Amino acid sequence: MKLLVAVKRVVDYNVKVRVKSDKSGVETAGVKMSMNPFDEIAVEEAVRLKEKGVASEIIAVSIGIAQSQETIRTALAMGADRGVLVETDAAVEPLAVAKILKEVALREGVGAVILGKQAIDDDMNATGQMLAALLGWPQGTFASKVELAEGAATVTREVDGGLETVKLALPAVITTDLRLNEPRYASLPNIMKARKKEISTLQPADLNVDVTPRLTTISVSEPPARKSGVKVPDVATLVEKLRNEAKVI
Amino acid sequence: MPVLVVLDFDAEGIKQPSRSAIAAAAKLGEVHVLVAGSGVAGVAAAAAKLPGVTKVLVADDAAYAHHLAEPMASLIVSLAGNYSHILQAATASGKNVLPRAAALLDVQPISDISGVVDADTFIRPIYAGNALATVKSADAKKVITVRAASFDPVPAEGGAAAIEKVATAENEAKSSYLGEEISKSERPELTAARVIISGGRGMQNGENFAKLIDPIAEKLGAAVGASRAAVDAGYVPNDYQVGQTGKIVAPELYIAVGISGAIQHLAGMKDSKVIVAVNKDEDAPIFQVADYGLVGDLFNVLPELEKAL
Ligand SMILES: Cc1cc2nc3c(=O)[nH]c(=O)nc-3n(C[C@H](O)[C@H](O)[C@H](O)COP(=O)(O)OP(=O)(O)OC[C@H]3O[C@@H](n4cnc5c(N)ncnc54)[C@H](O)[C@@H]3O)c2cc1C
Ligand SMILES: Cc1cc2nc3c(=O)[nH]c(=O)nc-3n(C[C@H](O)[C@H](O)[C@H](O)COP(=O)(O)OP(=O)(O)OC[C@H]3O[C@@H](n4cnc5c(N)ncnc54)[C@H](O)[C@@H]3O)c2cc1C
């Protein structure tokens with residue numbers, strides 16, 4: 001079975017983002033970019049499924065500017081077989097991303113698509129669910145355990161009260177949670193090998209997808225800062241302050 | 001057109017985050033709610049008492065028993081024609097179901113809103129809450145998940161809405177429910193607690209959570225939370241995780257013990273009213289958001305704190 005994994009180029013999770021002074025967005029110029037951490041987990045899961053002999057080929061797809069190639073290369077170095085870049089300079093929303101991924105999934109005839117549960121920049125947590133809807137496939141979101149067999153996937157999901165297990169008829173869409181696996185680091189030889197792997201480039205128009213956004217960002221602002229607090233010397237002072245000053249206990 | 005709120009509930013009743021979603025919806029128009037499940041007459045009756053709700057739609061069918069995304073999304077789509085906005089709290093279920101329904105309606109959902117500006121314009125945190133985006137939707141219908149911590153819940157009682165049955169929507173059964181492991185706890189739920197005490201990697205193991213944190217939680221009537229590091233290390237179950245990718249909370253009092261204060265953790269708790277941090281490293285970033293910081297070894301501080309309460 002072929003697998004498709006969606007990998008997004010985002011501001012590295014260690015970067016403390018700054019809002020631009022004109023409030024049009026956050027500063028991304030000169031900022032370190034990396035693969036969305038949840039997508040590393042998605043790639044890792046796909047590679048493990050290939051190592052187990054369940055998957056035959058892994059295609060990594062990214063939608064975004066030309067530099068998203070680097071994100072695809074990372075996936076290839078981790079073990080994906082080839083890449084597809086759907087190149088666009090526009091800000092593509094999850095609905096448009098899902099429409100593009102749908103076309104790629106159908107063209108490639110994949111048995112499952114694995115995505116991150118959320119991208120850590122826009123925090124939408126939507127793309128996988130929307131892709132599943134557009135394909136008419138079942139979805140296993142926030143996965144902490146995945147078993148794929150011919151015809152069906154068993155997915156354990158992280159839900160508010162604990163864990164839930166669902167069974168999905170394949171083809172299906174799966175989105176990854178943090179505890180699904182620990183992604184490997186690409187080894188140097190694999191990074192070298194990845195340079196020779198194929199990345200094909202498409203435009204959204206090649207797939208007949210209209211990426212016009214439905215949302216307009218009116219402004220992006222800093223959240224209100226917290227007033228700086230105080231250090232207390234001991235437990236007695238802490239309890240006294242919580243009782244009499246903050247009045248919360 | 002009225003707005004529709006999809007309710008979350010369990011054996012204990014309607015979840016508090018759903019009451020926050022109703023508070024958000026009330027800013028947009030007349031509120032109807034959807035109760036979907038199996039054997040949900042009691043929940044529907046409770047929903048009818050929610051203040052501000054004028055109609056309760058009830059879909060009582062085994063297909064909805066576990067709120068699987070596929071049948072739930074089909075049901076929502078079958079009802080969507082009558083509504084300008086469809087909302088659900090950004091619970092695990094809301095995040096699972098609403099984007100699917102939105103895609104079927106060809107709508108770009110608006111996730112995890114923390115504010116309502118007008119019928120088309122909403123505020124939502126991005127980049128782990130380090131920025132707030134004000135976004136305006138051009139879609140005819142809006143599909144929205146609501147950050148419960150940002151809206152005061154409506155009371156549980158005071159209203160008297162009409163109850164109306166709705167038909168089961170067609171859905172190809174491509175998914176099925178196999179089971180669940182729900183953590184049992186006497187403590188309040190994280191998303192509804194007035195006080196939360198959370199432990200991090202500094203706790204060292206699960207036994208220390210039980211020995212040092214639980215007794216304090218007991219005295220304060222608090223919920224227990226954790227950092228990702230504590231969950232990943234297996235000290236406590238996944239549903240304890242507070243943060244960007246765990247639960248978003250805003251209690252009256254949040255006590256962080258042995259937690260360094262990574263941005264991903266702060267994203268889940270920095271809107272708490274009062275924050276207390278206990279950490280042996282005086283430079284730990286958690287102190288930057290703490291109203292009261294206590295530099296010290298948690299293995300001394302926690303037993304003392306328990307005694308002092
Ligand atoms: C009005 C607006 C303006 C924006 N402006 C900018 C901007 O100027 N610059 C900018 O960089 N971003 C911008 N964005 C953000 C960008 O468009 C987001 O990528 C988009 O909204 C998707 O949200 P998300 O990534 O949080 O989706 P989620 O649903 O959280 O993503 C989940 C998963 O879907 C997959 N996925 C999502 N997007 C992609 C992708 N592009 N390629 C491959 N896989 C993907 C990944 O597997 C990911 O883990 C803007 C967004 C909006 C709404
Ligand atoms: C994509 C992504 C998503 C994430 N989502 C989340 C999330 O939702 N929630 C979350 O919490 N994290 C999340 N993280 C992880 C986050 O980046 C941090 O790694 C994590 O929060 C660290 O947990 P911690 O503070 O318990 O551990 P550490 O950073 O290791 O801190 C332990 C602290 O305990 C203190 N300590 C140790 N011993 C004692 C003692 N005896 N007495 C007092 N203090 C002591 C230390 O001084 C230290 O400050 C995410 C990361 C990524 C990449």
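1. How do the residues of the shell around ligand 1 divide into nonpolar, polar and charged? In this predicted model, the shell holds 13 nonpolar, seven polar and six charged residues. In total, 26 residues surround ligand 1. The closest of these are A:Lys8, A:Asp39, A:Ile63, A:Val92 and A:Thr127.

2. The secondary structure behind this shell can be stated by element. In chain A, the strands β4 (57–64), β6 (112–116) and β12 (215–221) and the helix α3 (94–108) each supply at least two residues of the shell around ligand 1. The largest share, three residues, comes from β4(A).

3. Backbone atoms of chain A make polar contacts with ligand 1. An oxygen atom of ligand 1 lies 2.7 Å from a polar backbone atom of A:Ala119, and a polar backbone atom of A:Met124 is 3.1 Å from an oxygen atom of ligand 1. For A:Asn125, a backbone N or O atom is 2.9 Å from an oxygen atom of the ligand. Ligand 1 taken alone exposes 930 Å², of which the protein buries 81%.

4. Ligand 2 is surrounded by residues from chains A and B, so the site is shared between chains. There are 29 residues around ligand 2, and those that come nearest are B:Arg201, B:Ser227, B:Thr245, B:Ser260 and B:Asn279. The shell divides into 10 nonpolar, 14 polar and five charged residues.

5. An N or O atom in the side chain of B:Ser227 is 2.6 Å from an oxygen atom of ligand 2, and for the side chain of B:Gln264 the corresponding distance is 2.8 Å. From the backbone, an N or O atom of B:Gly246 lies 3.4 Å from an oxygen atom of the ligand. Taken alone, ligand 2 exposes 980 Å², and the protein buries 86% of that. Two or more residues of the shell are given by each of α1 (37–51) of chain A and α6, α7 (263–269) and α8 (298–308) of chain B.

6. The ring centres of B:Phe209 and B:Tyr235 are 6.4 Å apart and the planes meet at 55 degrees, so the pair is tilted. The pair links distant parts of the chain, 26 residues apart: B:Phe209 lies in helix α5 (residues 206–220) of chain B, and B:Tyr235 in the loop between α6 (228–232) and β16 (253–257) of chain B. B:Phe209 has a relative accessible area of 3% and is therefore buried. B:Tyr235 is buried too, with a relative accessible area of 18%.

7. Two lysines are placed over aromatic rings. The charged end of A:Lys117 sits over the ring of A:Phe142, at 5.7 Å from its centre. A:Lys231 lies over the face of B:Phe287, and here the distance to the ring centre is 4.6 Å.

8. Is B:Arg187 buried or exposed? Its relative accessibility is 18%, so B:Arg187 counts as buried, the cut-off being under 20%. A polar atom of the B:Arg187 side chain lies 3.4 Å from the backbone oxygen of B:Ala222.

Key: Residues are numbered from 1 along each chain as its sequence is written. Chains are lettered from A and ligands numbered from 1 in the order in which they are written. This is a predicted model: local features need pLDDT of at least 70, side-chain atom pairs count only at pLDDT 80 or more; totals for chains, interfaces and linings use all residues. Side-chain values use heavy atoms; hydrogens and water are left out. Rings of Phe, Tyr and Trp (its six-membered ring) pair if their centres lie within 6.5 Å; planes under 30 degrees apart count as stacked, over 60 as edge-to-face and the rest as tilted. Helices (H or I, at least four residues) and strands (E, at least two) are DSSP runs, numbered from the N terminus. Buried means under 20% relative accessible area, exposed over 50%, partly exposed in between (1.4 Å probe, protein chains only). A charge sits over a ring if NZ of Lys or CZ of Arg is within 6 Å of the ring centre and within 35 degrees of the ring normal. A residue is near a molecule or strand if one of its heavy atoms lies within 4 Å of it. A polar contact is a pair of N or O atoms within 3.5 Å; within protein, one must be able to donate a hydrogen and the other to accept it, and residues adjacent in sequence count only if both atoms are side-chain atoms. Accessible areas come from the Shrake-Rupley method with a 1.4 Å probe; for residues, only the protein chains shown count as cover. Ala, Val, Leu, Ile, Met, Phe, Trp, Tyr, Cys and Pro count as nonpolar, Asp, Glu, Lys and Arg as charged, and the others, Gly among them, as polar.
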